[in-house]
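Please look through the sequence and the 3D structure below, and then work through the questions and answers that follow.

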Amino acid sequence: MKVVLVRHTYNADQLAAIAAKVCYSNQSIEDMDMDEQYREKLIRRVVKSGHHSVLEHVVFTYSIEGISRVATHQLVRHRIASYSQQSHRYTAIKRESFVIPQSIADNEEAQKLYNEMLDKTVETYEKLVEMGIKKEDARFVIPQGVASNILVTMNARELIHFFRLRCCVRAQWEIREAAIEMLKLAKKHAPVIFEDSGPACVKGRCPEENPCDNIPEIRAFFKSL
Ligand SMILES: Cc1cc2nc3c(=O)[nH]c(=O)nc-3n(C[C@H](O)[C@H](O)[C@H](O)COP(=O)(O)OP(=O)(O)OC[C@H]3O[C@@H](n4cnc5c(N)ncnc54)[C@H](O)[C@@H]3O)c2cc1C
């Protein structure tokens with residue numbers, strides 16, 4: 001899987017601070033002058049207080065390539081976002097276009113079974129296309145492990161929510177991998193907005209019924225990103 005940050009709001013932290021300042025000041029936007037320390041204080045205040053609408057002005061667009069349809073199906077459940085996904089109505093599925101979970105790759109017998117199934121599936125798909133069946137119908141034989149490319153745009157408010165759910169060890173491994181890469185990239189360009197981002201336990205109590213027993217390590221990992 002390859003995650004690339006395609007575009008992002010320029011001076012993201014600064015824009016969030018300006019949006020917050022508009023709420024608390026009589027000043028015109030042209031006269032707003034904030035030093036770095038004050039900006040950071042303001043962003044931390046809105047993030048902590050839940051005044052998250054100011055974060056909606058900050059937007060990130062990512063490309064995710066080589067991610068399975070298993071994971072993109074979970075990704076697109078996040079509704080406060082925009083998506084453009086590679087279409088299998090128009091692009092052909094190749095034998096190499098499948099994600100192999102590590103648990104299968106690590107098990108010789110499982111890998112053999114998986115590969116045999118994919119060989120047969122892709123052969124059937126290609127035969128159907130050769131017979132004149134449209135790709136949009138031939139693809140019905142394809143399993144969910146098929147890889148795909150997707151462009152996703154989320155604002156910072158939604159990203160914080162997304163990271164909370166999908167960076168958690170309880171999330172499925174592939175969407176978690178994507179979410180962690182996305183967070184790393186977001187932190188580079190908006191270090192204050194995302195400084196406490198990650199699963200819920202990074203800043204606060206774990207909401208799970210049975211929390212995992214390595215929360216200090218998880219916190220340290222996300223702080224270090
Ligand atoms: C570990 C895990 C397991 C899951 N298991 C399943 C499963 O078994 N089956 C399944 O179907 N799904 C499952 N999901 C998906 C989950 O239920 C959500 O659909 C998905 O995480 C999107 O989150 P969301 O709805 O909070 O967020 P988004 O769509 O990203 O929305 C963000 C927030 O906006 C608000 N919002 C958005 N739309 C509405 C609305 N229509 N009404 C009110 N408020 C709204 C909510 O506050 C929401 O939290 C799972 C998710 C996780 C993380």
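Q: Which residues have the most contacts inside the largest nonpolar core?
A: In this predicted model, the largest nonpolar core has 46 residues. Those with the most contacts inside this core are A16, I43 and I193.

Q: Which helix supplies the largest share of this core?
A: Among the elements that each supply at least two residues of this core are the helices α1 (12-24), α2 (36-49) and α8 (173-189), together with the strands β2 (59-68) and β4 (147-155). The largest share, which amounts to six residues, comes from α8.

Q: Leaving aside its neighbours within four places in sequence, with which residues is A16 in contact?
A: Contact here requires that the C-beta atoms of two residues, placed from the backbone, lie within 7 Å. Once its neighbours within four places in sequence are left aside, A16 is in contact with I43, V54, L55, H57, V58, A156 and I193.

Q: In β4, which residue is the bridge partner of S63?
A: Strand β2 pairs with β1 (residues 2-8) in the antiparallel sense over six bridges, and H8 has F60 in β2 as its bridge partner. β2 and β4 also pair in the antiparallel sense, over eight bridges. In β4, the bridge partner of S63 is L151.

Q: How many charged residues does the shell around the ligand have?
A: The residues around the ligand are R77, H78, R79, I80, E158, H161, L165, R170 and A171. Arg and Glu count as charged, and R77, R79, E158 and R170 are listed around the ligand. By class, the shell has three nonpolar and two polar residues, and its charged residues number four.

Technical notes:
Residues numbered from 1 in each chain as written. Predicted model: local features only at pLDDT ≥ 70, side-chain atom pairs only at ≥ 80, totals over all residues. Near = placed C-beta within 6 Å. Core = buried A, V, L, I, M, F, W, Y, C linked by C-beta atoms within 7 Å. Buried ≥ 20, exposed ≤ 12 C-beta atoms within 10 Å, placed from the backbone. Helix = DSSP H or I, 4+ residues; strand = E, 2+ residues; numbered from the N terminus. Pairing = 2+ DSSP bridges.
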